[in-house]
Amino acid sequence: MARRRAGPHGGVDLGGTKIQTVVVDSRHAVLGEARRATPTTGGPADVAVAIAGALREAAAAAGLRPSDLTHVGVGSPGAINAEAGTVTSASNLPGWTGAYPLAAVLADDLGTPIALGNDVQVATDAEARLGAAREYSSLLGVFWGTGVGGGILLDGKPWTGLGAGGEIGHVCIQMHGGLRCPCGRHGCMEAYAGRGAMERRARELHDKGRPTELFKIARKRGRERLTSGIWARALEQKDPLATKLMADAVEALGAGVASVVNVLDVEVVILGGGLGVRLGKPYAEKIAAAMLPHLFNDHRPPPVLVAELGDLGGALGASLLTPVAAAAS
Ligand SMILES: [Zn+2]
C-alpha cells in the first residue's frame, strides 16, 4: 500500500440521506467533522454545493481552510470514473442521471485536488485497514442503509469486477412475486432490507390502515424520512409494523449474505451502513442466525462483526483515496 503524503486531508461520504465529512491528519486521527442532509431535490450541482459546505465546516472545526488540505477524497454512489473525475447514474441522489464532473466542480470550489471512489468500496477499505477487519485478508462488507451495498476484499485486494462488483443488494432472494426493488427489478434483497424500500412499504401498509408509530416519531423529530434512529426507536417501543418489516429485512439479509458467502467463502462479514451501525451487535447476531439455514459450510460460519469505524467509516475510507493527478506527481 502506497504511503500517504503528509499533511491534513479530507474525506467525504456522500450518502442517499446524509453527507458526512472529516478532516484527518496523516495518521488518520479526526481533526474536524461535519454532517448535513443530502439534498432531496435539484440535481448534482446542488449536491456538490452541499458537499463543499460540509467540507468547509469540517475544515473550520479543524482550524483550517479547505485549500490547506493536501487533497479530499469523496466516496460516492453511482458509477465512478476516477480518472475522468465523473459520477454517473447515482440513483439514490436527486436528478443524477447522466455523467457529472464532480471532481472538477469540487476542486474548483474548494481549491484542493479531489479523488473519487465508490462509497461502499472505500468504507470496506477503511474497515480492512483501520477497523473491524484489520486481522483478516478476505471479507464481505454489507452496508445496510438507504440501500444495501456490498464491498469485497479478497486476498487483501479490493474486488470490484468490471467496476460494478459487490452489488449485494441486488442478489435475488425471491424468484416469484418478489417485491419491486428501487433498481426496478423484482425480488432483490434490497427490496426487503433497504431502508428506502422499507420506508415505502411502511407507508403503503400504513395508508392501508396498518397501525404504526414510525411516522409519528418522524414528525416529532421533524424528519421527512424514516432515519435509522427512527427505526431503532420504533423497535424499542415494539411497534408491530416496524418489528414485522425488520424481521423481513433480517430474513432477506440472512439469505442474501449467506448466498454470497457460499460463493466467496470469506473469513468475515462486516456489517456497516446507517442501520447496521445503529442496530449494532444484536442485529449482527440476528443476521448471523438468519444466514445459518442457507450456508453450505454451516459448520464454520464466518463471524458477522459490526463496522468499528461507525458512522465515520465511509468518510475515513474516502480520506484514504489519492487523487489521480497527485498520485502521479
Ligand atoms: Zn435491485
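Let me start with the zinc ion. In this predicted model, the zinc ion is held by four residues: His-170 through ND1, and Cys-181, Cys-183 and Cys-188 through SG. The distances run from 2.0 to 2.4 Å.

What is the arrangement of the four donor atoms around the zinc ion? The angles they subtend are 103 to 116°, so the arrangement is tetrahedral. To count as tetrahedral, four donors need all their angles between 85 and 135 degrees.

If you follow the chain, the donors come in the spacing H-x10-C-x1-C-x4-C.

Cys-181 has a relative accessibility of 2%, so Cys-181 counts as buried. Cys-188 is buried as well, because its relative accessible area is 3%. The cut-off for buried is under 20%.

Now the domains. Domain 1 is made of two stretches, 2-119 and 312-328, and domain 2 covers 132-308. How many residues does each domain bring to the contact? Domain 1 gives four residues and domain 2 gives five residues. Taken over C-alpha atoms, the centres of the two domains are 25 Å apart.

On to the area between them. The size of an interface is often given as the accessible area lost when the parts come together. Here domain 1 and domain 2 bury about 420 Å² between them, with 37% of that on carbon and sulfur atoms. On the domain 1 side, Thr-17, Thr-40 and Asn-92 supply 79% of the area buried against domain 2, more than any other three residues.

What about polar links? Three residue pairs are in polar contact across the interface of domain 1 and domain 2, and the salt bridge count between the two domains is zero.

Note on methods
Residues are numbered from 1 along each chain as its sequence is written. This is a predicted model: local features need pLDDT of at least 70, side-chain atom pairs count only at pLDDT 80 or more; totals for chains, interfaces and linings use all residues. Side-chain values use heavy atoms; hydrogens and water are left out. Donors are N, O and S atoms within 2.8 Å of the metal (3.2 Å for Na, K and Ca); water is not among the atoms, so sites may look incomplete. Four donors count as tetrahedral if all angles lie between 85 and 135 degrees; four count as square planar and six as octahedral if opposite donors are over 155 degrees apart and all others between 65 and 115; anything else is irregular. Buried means under 20% relative accessible area, exposed over 50%, partly exposed in between (1.4 Å probe, protein chains only). Domain bounds come from an automatic or database domain assignment. Contact means heavy atoms within 4.5 Å. Buried area is the accessible area (1.4 Å probe) that two parts lose on being put together, summed over both. A salt bridge is a side-chain nitrogen of Lys or Arg within 4 Å of a carboxyl oxygen of Asp or Glu. A polar contact is a pair of N or O atoms within 3.5 Å; within protein, one must be able to donate a hydrogen and the other to accept it, and residues adjacent in sequence count only if both atoms are side-chain atoms.
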